[in-house]
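Hi everyone, thanks for coming.

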Amino acid sequence: MVEQIRSDAPVLVIGLGRFGAACAGELDRLDREVLAIDDSLDLVQKWSERVTHAVQADARNLDALKQIGAQDFQVAVVAVGSSIEASVLITANLVDLKVPQIWAKAVSQSHGKILARVGANHVVYPEREAGERVAHLVSGRMLDFIRFDDDFVLAKMYPPKFIRGVGLNESGVRTKYHVTVVGVKSPGKPFRYAEANTVVTNHDLIIVSGTNSDIERFASLDR
């Protein structure tokens, strides 16, 4: 039986480089308790007032992790990327300490495979994912883009001309292009869920879901 992790469980973040610091800072803004550790005293001092706790420690050392209570955490993020060896060793230490949920940053596909084999529950590729996202945005047809593992995509864009001024059910977006308009943003108003009779105007933004190829085709239509 998979252990249920509380949504407000404290998080151990190991490594305070750009990725780790951004993760720890955002968790703190979400009111999550965070223990951030790094072997650099300068980075620990820099972040000591921005997260719940920041401690200097060498996470490659199992005893050091035990001393800071890493074994009491349900969630840990291994944000070390500059040294693959350190990243793998730290992940292995967390597995030995039976931390139930381990997120680990990978800098390459082979690095990610090793992390998964060692025991990381979730492997993330921030540089690769950012590069793929930018590739879809540079054309200017989309304003934001998120792709999930099963080729499911969410994209924010301006609506093509043919769907403006008529209800979504009349424009035939789903039947013609196999995408779904899931949300609409009008100027000065919050996003709202799209319905069959929703009418999109020239000033609106839309959130669209579908496969990567269908979204790209839909985004290329005349605006």
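Let's begin at Asn-93, which counts as buried because its relative accessibility is 6%. By buried I mean under 20% relative accessible area, while exposed means over 50% and partly exposed is in between, using a 1.4 Å probe and protein chains only. Before I go on, a word on where this comes from: it is a predicted model, where local features need pLDDT of at least 70, side-chain atom pairs count only at pLDDT 80 or more, and totals for chains, interfaces and linings use all residues. Residues are numbered from 1 along each chain as its sequence is written, and side-chain values use heavy atoms, with hydrogens and water left out.

Back to our residue. Asn-93 sits in helix H4, residues 84-96. Helices (H or I, at least four residues) and strands (E, at least two) are DSSP runs, numbered from the N terminus. Which residues does Asn-93 contact, leaving aside neighbours within four places in sequence? They are Ala-59, Arg-60, Asn-61, Leu-62 and Leu-65, where contact means heavy atoms within 4.5 Å.

Let's follow Leu-65 from that list. Leu-65 belongs to helix H3, residues 62-67, and is buried, with a relative accessible area of 1%. Again setting aside neighbours within four places, the contacts of Leu-65 include Ile-14, Ile-37, Asn-93 and Leu-94.

Now please look at helix H9, residues 212-219, where six of the eight residues are buried. Those six are Asn-212, Asp-214, Ile-215, Glu-216, Phe-218 and Ala-219. They pack against helix H6 (126-137), strand E7 (144-147), strand E8 (152-157), helix H8 (173-177) and strand E11 (205-211).

Two loop residues are worth a glance. Lys-98 is in the loop between H4 and E5, and has a positive phi of about 60° although it is not a glycine. Is Lys-98 buried or exposed? It counts as exposed, because its relative accessibility is 69%. His-178, in the loop between H8 and strand E9 (180-185), also has a positive phi of about 60° without being a glycine.

Finally, let's step back to the whole chain. There are nine helices and 11 strands, and 43% of the 223 residues count as buried. The C-alpha trace spans about 65 × 40 × 35 Å along its principal axes. For a sense of distance, the C-alpha atoms of Leu-65 and Gly-172 are separated by 57 Å, and these residues are 107 apart along the chain. Among contacts with a separation of 6 or more, 53% join residues 24 or more positions apart.

That's my tour, and I'm happy to take questions.
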